[in-house]
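Student: Before we look at the terms used for this protein, could you take me through them one at a time and set each value against its definition?

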Amino acid sequence: MAEKVTLIPGDGIGPEVTGLAREVLDAADVGIDWKVIELGEPAVEKYGEPLPGWALDEIKKTPVVLKGPLTTPIGGGYRSLNVTLRIALDTYAVVRPAKALPVSWLYQDVPRYQNVDIVMVREATEGLYSGVEHFIPQSATKEAAIAAETINLITRRNSERVVKFAFEYARKFGRKKVTAVHKANIMKTTGGLFQQIAQEVAKGYQDIQFEERIVDNMAMQLVLKPQEYDVIVTTNLMGDILSDLASGLIGGLGVAPSSNIGDRYALFEAVHGSAPKYKGQWKVNPTAIMLTATLMLRYMGKTDKAELIEQAIFKTLNDGKKLTYDMARIRRIEPVTNKEYTQEIIKNLRQSM
Ligand code: NAD
């Protein structure tokens, strides 16, 4: 029987890329019964709010969610729906594999990136994203404020469980090393606590190598010698920034998958956002959300389907004839629309079924 999965199309480029991913998954006959729930801008238009309470109740009825990006108003407006969902579903570990693609032409200009195989594990429920922030004086508007404060909340419980998650992940997938990233030299309390907990947890995993890096050094190391890193675990904002950096190493946001994992729910979404300026142009790369969907299929135990789809994507990219604008720019050819690119993937998929 088909398994129910919630599909949140998102907004901006979200509905476009999730729609294309769904075409590929349906063509691969993955046995999923989609329950579509609109959030963000389409929900504001239909229901007057971006995340109606009933929608959250509905999402909680399926343990697995595939989600397109959702726009967050900048410098005001409603709180990030992405952060709200991660907290509501308690998907505390954002797991972002940055693995070089098996595409012969992709790393010709930057050969050192062809062996990149990093998994970034980012704490997702607290840190500088805890949402505890205010102007000073508290009642001031942005214009009248003399200062502003955001609380960087780091708790023992949440740090411990995310670091444990990283070590368990390393064990499960045969990885050798976990690197904890922090800024404990400057943020001696919050960074110091995270560092202390990482050291404590590491003692329970003598089979996995453990090391630490200060975040600024980590950023440079990732650009210069990314192949020295394996699993990286860090706090919310640092993980957000470093995982975009890691995406850049493997080909950009157009090809970077991601997942949000908790004990009860798993929500799968690409690293990229809603890229509003590209909305409706059928131009952006749907590979990121398609590879994200293959992470979801593996999580659901549908490994053969995940491999089938991955191979069709890799073949399409490796052939290098029909590419979306981001990849076409690297290959120095004329791009096609993402609809054409998707049709090529589906053609390759059908040939191997
Ligand atoms: P973005 O990731 O949306 O886009 C940044 C740039 O990356 C784009 O201009 C484009 O050049 C490139 N890009 C992104 N996705 C691509 C794709 N699929 N193919 C090819 N190129 C792609 O980041 P932003 O512009 O900083 O954010 C836009 C909105 O998205 C904001 O409201 C932000 O809060 C939100 N956002 C949401 C999520 C999420 O839903 N999880 C994640 C990040 C940002």
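Student: What makes the pair formed by the side chains of Asn285 and Asp326 a polar contact?

Tutor: The two side chains are 3.1 Å apart at that contact, and a polar contact is a pair of N or O atoms within 3.5 Å, where within protein one must be able to donate a hydrogen and the other to accept it, and residues adjacent in sequence count only if both atoms are side-chain atoms. The side chains of Asn285 and Thr287 are likewise joined by a polar contact, of 2.5 Å. Please keep in mind that this is a predicted model, in which local features need pLDDT of at least 70 and side-chain atom pairs count only at pLDDT 80 or more, while totals for chains, interfaces and linings use all residues. Residues are numbered from 1 along each chain as its sequence is written, and side-chain values use heavy atoms, with hydrogens and water left out.

Student: Why is Asn285 called buried?

Tutor: Its relative accessible area is 4%, and buried means under 20% (exposed is over 50%, partly exposed in between, with a 1.4 Å probe and protein chains only); Asn285 is therefore buried. The residue is found in the loop between β12 (266–268) and α9 (287–299), where helices (H or I, at least four residues) and strands (E, at least two) are DSSP runs numbered from the N terminus.

Student: Which residues is Asn285 in contact with, leaving aside its neighbours within four places in sequence?

Tutor: Contact means heavy atoms within 4.5 Å, and with those neighbours left aside Asn285 is in contact with Val17, Gly254, Val255, Thr324, Asp326, Met327 and Tyr341.

Student: What makes up the largest nonpolar core?

Tutor: A nonpolar core is a set of buried Ala, Val, Leu, Ile, Met, Phe, Trp, Tyr and Cys residues joined through side-chain atoms within 4.5 Å, and the largest has 89 residues, with Leu101, Val121, Met296, Ile309 and Ile313 making the most contacts inside it. Helix α5 (residues 156–172) gives the most to this core, with 7 residues.
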